[in-house]
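Colleague: I would like to learn how to read a model like this one. Please take me through it feature by feature.

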Amino acid sequence: MTNPSASKSHEPAVSENLAKTPLDAWHRRMGGKMVPFAGYEMPIQYAAVESDKASSYIAKPANGIVAEHEACRNRAALFDVSHMGRLRFDGDDAAKFLDHVLTRRVSDLPVGGVRYSMVCNAEGGVLDDVLVSHLETPSERRFHLLVVNASNRQKILKWIEPHLADFPSVTMSDRTELTAMIAVQGPMAIEITKKLFSFDPSRLKNYQARITDQFAKPVIVSRTGYTGEDGVELIVRAEEATRIWENILLAGREAGFTAAGLGARDTLRMEAGMPLYGHELDESVDPITAGLNFSVNLADRNFIGDEALREIKKAGPSRVRIGLFPEGKRPAREGCDVLDSNGTKIGVVTSGGPSPTLGVPIAMAYVDAAHANDTEFQIDIRGRTTSAKPTKLPFYRRPAS
């Protein structure tokens, strides 16, 4: 990810080919530092803005990654996640089709249910990690929605299309450009936002979703999250995005709601021990190796990659994902070698950086399975060996309410 502290003269050149989310103008007006990410221009953080650029009735964004991170942990933060892909599946056999391409069972997913799953290749490698929802419109029309990573959207579209030929009753439509997606995360998120919708989102359990409305405009509200905090995700029409975004900020102004960028989203998800595609997940990694066994249902079903995953589960993975606390203040970054107590390389860091909440560096890494229970590790951080202690994931767990 681009260094958020880089000076303006060193910021990457913006390509004319980069897409913009429906909230792009708002980000720029409010001091968003825009960087290329997954084919989009996205705010990595917000800087101080001139008072005449900010709406008088909406709190200004927090200034910097740490401030945005702390706002999410203590109050609530809004994230523009419109770059995520949103694929809709209609037809009587939609659940059957998704059962064929996803590692998690979909055929028994009730209306209003959401499940975290994987799309795997025949070798069990992860093409993407996704969320699948079963939704019903006010007119009682049911459909399934697949939320995919922005960087993988085109790949997943190409992967899915030939498999649809075996399910002629199923239609897929890419809703990404027609909609926007907003994540509202933090301990105050539910209490403040529930007054904005005709359906109270506090009634949703974790991994549930419902179609409701905001000022008579349709909104899909789900309760999943990618920060370790409670909250909701909203899928809205693109043309309604700014209005709804500002409505939430207005409702949460006194509580200290703020906008937050990709930088805080990354530090939050690392603290929560959540994998990121391209770091902890890719086509060389299977869900079992990643420690995400819950995302794979092997019993009494067949899907793409199931045979390979059965073999991996039977033999046991050759690598495991662990959490590490490097000693000192120097953070370990992606690509740093992980060593055993004798100095032999046994793995590699996949994500790492400072933890604003804990006040210490944290890292996730893959290490050889034979060392999964070691109590001492070392990390080569830019040529200097640093001791590291293992810890169970997640690093941070929100206090019980």
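Modeller: Start with the labels: helices (H or I, at least four residues) and strands (E, at least two) are DSSP runs, numbered from the N terminus. This is a predicted model, so local features need pLDDT of at least 70 and side-chain atom pairs count only at pLDDT 80 or more, while totals for chains, interfaces and linings use all residues. Residues are numbered from 1 along each chain as its sequence is written, and side-chain values use heavy atoms, with hydrogens and water left out.

Colleague: Which strands each supply at least two residues of the lining of the second largest pocket?

Modeller: First, the idea. Rolling a probe the size of a water molecule over the atoms shows where empty space is left. The search uses a 1 Å grid over the protein atoms alone. A cavity is a set of points where a 1.4 Å probe fits but cannot get out; a pocket is an open set with protein on both sides within 12 Å along at least five of seven lines; lining residues have an atom within 4 Å of a point. Here the strands are S5 (85–90), S8 (142–148), S12 (217–222) and S13 (231–237). The lining of this pocket has 19 residues, and Arg88, Arg175, Thr179, Pro218 and Ile220 lie nearest the centre.

Colleague: What volume does the second largest pocket have?

Modeller: About 370 Å³. Grid points are joined across faces, edges and corners, and a volume is the space filled by probe spheres set on the points. The lining divides into 11 nonpolar, two polar and six charged residues. Ala, Val, Leu, Ile, Met, Phe, Trp, Tyr, Cys and Pro count as nonpolar, Asp, Glu, Lys and Arg as charged, and the others, Gly among them, as polar.

Colleague: How many cavities of 30 Å³ or more does a search of the whole structure find?

Modeller: Two. Strand S7 (126–136), S8, S12 and S13 each give two or more residues, and S7 gives the most, with three. The second largest cavity has a volume of about 50 Å³. Among the residues lining that second cavity are Phe79, Asp80 and Arg265.

Colleague: In what order do the six strands of the open sheet come?

Modeller: Strands of a sheet pair through backbone hydrogen bonds, either parallel or antiparallel. Two strands pair if DSSP finds at least two bridges between them. The order here is S11-S12-S13-S10-S4-S14, with mixed pairing. S11 (209–214) and S14 (258–260) stand at the edges with a single partner strand each, so one side of each has no neighbour in the sheet. The twist averages 30° from one strand to the next. S4 (residues 77–80) and S10 (residues 179–185) run antiparallel, joined by four bridges. Asp80 stands opposite Ile182 in S10.

Colleague: At what angle do helix H2 and helix H7 pack?

Modeller: Two packed helices are described by the angle between their axes and the distance between the axes. Axes are lines fitted to C-alpha atoms, for helices over the stretch in contact, and angles run from 0 to 180 degrees between N-to-C directions. H2 (residues 65–74) and H7 (residues 262–271) pack at about 55°, with axes 8 Å apart.

Colleague: Which backbone details deserve a look?

Modeller: The peptide bond from Leu393 to Pro394 is cis, with omega near 5°. Phe215 has a positive phi of about 50° although it is not a glycine. Phe215 sits in the loop between S11 and S12.
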